[in-house]
Amino acid sequence: MQTTNAKVHYHDFVVQATPVKRLCKTHNTITVNGMYPGPTLEVNNGDTLVVNVVNRARYNVTIHWHGIRQMRTGWADGPEFVTQCPIRPGKSYTYRFTIEGQEGTLWWHAHSSWLRATVYGALIIHPKEGDSYPFTTPNRETALLLGEWWDANPIDVVRQATRTGAAPNVSDAYTINGQPGDLYNCSTKDTVIVPVDSGETNLLRVVNSALNQQLFFKVANHKLTVVGADASYVKPFTTSVLMLGPGQTTDVLITADQPPARYYIAGQAYASGQGAPFDNTTTTAILEYKSAPCPAKGATIKPVMPAMPAFNDTATATAFTTSFRSPRQVPLPTEIDHNLLFTVGLGLINCPPGASSSTCQGPNGTRFAASMNNESFVLPSNFSLLQAHQQGIPGVFTTDFPANPPLTFDYTGNVSRSLWQPIKGTKLYKLKYGETVQLVLQGTSIFTAENHPIHLHGYDFYILAEGFGNFDPSRDTTKFNLVDPPQRNTASVPVGGWTVIRFVADNPGVWLMHCHLDAHITWGLAMAFLVENGLGELQKIEPPPADLPLC
Ligand code: C2O
C-alpha cells in the first residue's frame, strides 16, 4: 500500500576488513563501507529500502534488519540458515523491504557468527512526511549505539569457545557510537561529544548493540523521558536510568535544563548471572552545553559523572522494564489459539565419549549449551529453513517443537543435575495464518539464572506481565495488563522469572526467536516459528528474490 510520497532508498553495503584502532591497538575489523559503526539509514514510515550487500570480507555474512516486520518479505530478514544461506565471500545479495506502520528507532546488524560485534548501524524511521511525533518536536536528534569491543578478532573469540566448550572471553570495552570514551586507555581524544544548547530538547535514540551484555544507561544530572522503544511509541514516563538488553532500543527526550557544563553519558553492565564473569568497565560520551563557560569547555575540567546502579541491581532493572505502557488501549488478541510455555536457560552437555578433554572445558568437564524447552537449537547447513519449507525439502527440520516443557519441575529452584542436559535439534513450531499466540517465557536456574533478552523476528508482540519465580497461571494471570501493554520485538525475561507475550501470526514465513546474547544463541538458545500462508493474496509470502543466496 504505497502512499503517493513514499520513497525508495537505494544503498550499497560493502562488507570489508578495515583497520580500526581502539584501546591503543589496530585490528583488521569487519565493517560496512569502512565505517564502525556502519552507516545510519534514515527513512520514513511507508518507504522501501533496497540494500545491495557485497561481501568483500573473508567470512560468510548476512544482514538482519532488527525489528522490521518484513510483511510477506521474509526472504529479506537475514538470519543465516533461517531465511537465507550466507552471502559467500565475493558474492552479493539485495535486500528489499517496505516499512509498514513502524516509527522510531531500529537497527541493522550482521546475523552470521559474531560478525555483528562490528557490523551494525542505526535504522531510523521517521513518521510519514507531513506526520509528526506524538510528543513535542525535539530541537535535535542523536542516535547512540552502545556496543562491545574485543581487543581481539571477535570471530576468533567465538571459534575458541566453540572449540573448547567453555564460555567465550568477555569483551574489553563497551562503546558509544564505536568509541569507548575517556575511562579507557588511548581513547580520550576520540570520546563522542553530543552538543546541546541550553533549554533545547534532544531526542536520544539509544540502541543496545552490544553482543553479550545488558546495559544500564544514564546521563549525569539529567532526567530522561522515555517516548518509544523498539519502534513503537510508549506512554511517556520519566526516569534517570535506562536498562536495555542487546537488541532493544529506547527513545528518550532530554532537556538541557542544567547549568551549562559537560556531563557524562555512561553505559555499564547489568549482569544478573551470579558468579558469571562480565566486562565491568564503563563507556562514556559527553553531553556538552555549547554555552558552557570557557574553562569548563577545555579538557581540563572533568565532566560530571552519573552514579551508576550496581552491576547486579535487579530492582532498578525491573522498575524500568515494568514502567512501559502503550500510549492507548491496544487491539490485544483475546481468544488464544496457542497457549505456550517455553523454558529459557542454560545447560551443560556431557563430554561425548571419546572426545578430547580439550573440547570439554566447560564446568566439570562439560560443554556449555542453552535451550528452549530443553531443545538446543541447531541451524541447518545445506538449506535455509525458509527455503526448505517453501520447496518442501525433507530432513532439514521437523515441526514438533514442544508447546510446553517436556517435564514440569521447579524451573527457578534448585534444579536436579539430571535435568541440566538439553537435546540438540532443529524443531519448529507451526502456526496457521492468523492464529493467536500467548507465550510464557520462563527462565530457569539451570547452571545459573540470569536475565535473557528474547527477540522474535518478523513480529512485534505485546508484553502482558513479567514476574519472578515460576509462572503460576492461577496467580499471575491477574497481573496481566490487558489494556495498554507495551509493544516490542525484544522482551526482557527477568533473572529467575518469567515474561508473558501475545501476538497474532499475521506474517507468513519462518521466524527465529532467540536470546539476543550472542553467547547464548551460539549455545542454542533459539527456536523458530513456521507461520503458514493464508488464503488471501496479502496473506502469502512473496516468491524468493532471484539473487537469494543458496547454500
Ligand atoms: Cu537482532 Cu536474530 O537478531
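How accessible is cysteine 551: buried, partly exposed or exposed? At 41% relative accessibility, cysteine 551 counts as partly exposed; buried means under 20% relative accessible area, exposed over 50%, and partly exposed in between (1.4 Å probe, protein chains only). The model is predicted: local features need pLDDT of at least 70, side-chain atom pairs count only at pLDDT 80 or more, and totals for chains, interfaces and linings use all residues. Residues are numbered from 1 along each chain as its sequence is written, and side-chain values use heavy atoms, without hydrogens and water.

A disulfide is taken as a pair of cysteine sulfur atoms within 2.5 Å. The count comes to three disulfides. With the bonded cysteines numbered in sequence order, the pairing is 1-3, 2-6, 4-5.

Cysteine 551 is bonded to cysteine 85, S to S 2.0 Å. The link is left-handed, with -90° about the S-S bond. Cysteine 85 lies in the loop between strand 5 (63–66) and strand 6 (92–98), and cysteine 551 in the segment after strand 32 (526–531), so the pair ties together parts that are 466 residues apart in sequence. Strands (E, at least two residues) are DSSP runs, numbered from the N terminus. Cysteine 85 is buried, at 1% relative accessible area.

Cysteine 24 and cysteine 186 form another disulfide, with sulfur atoms 2.0 Å apart. Its S-S torsion is about 95°, so this disulfide is right-handed. Cysteine 24 is partly exposed at 37%, whereas cysteine 186 is exposed at 54%.

Cysteine 351 is joined to cysteine 360, S to S 1.9 Å. Here the torsion is about 80°, so the disulfide is right-handed. Cysteine 351 is partly exposed at 29%; cysteine 360 is buried at 5%.

Note on methods. Helices (H or I, at least four residues) and strands (E, at least two) are DSSP runs, numbered from the N terminus.
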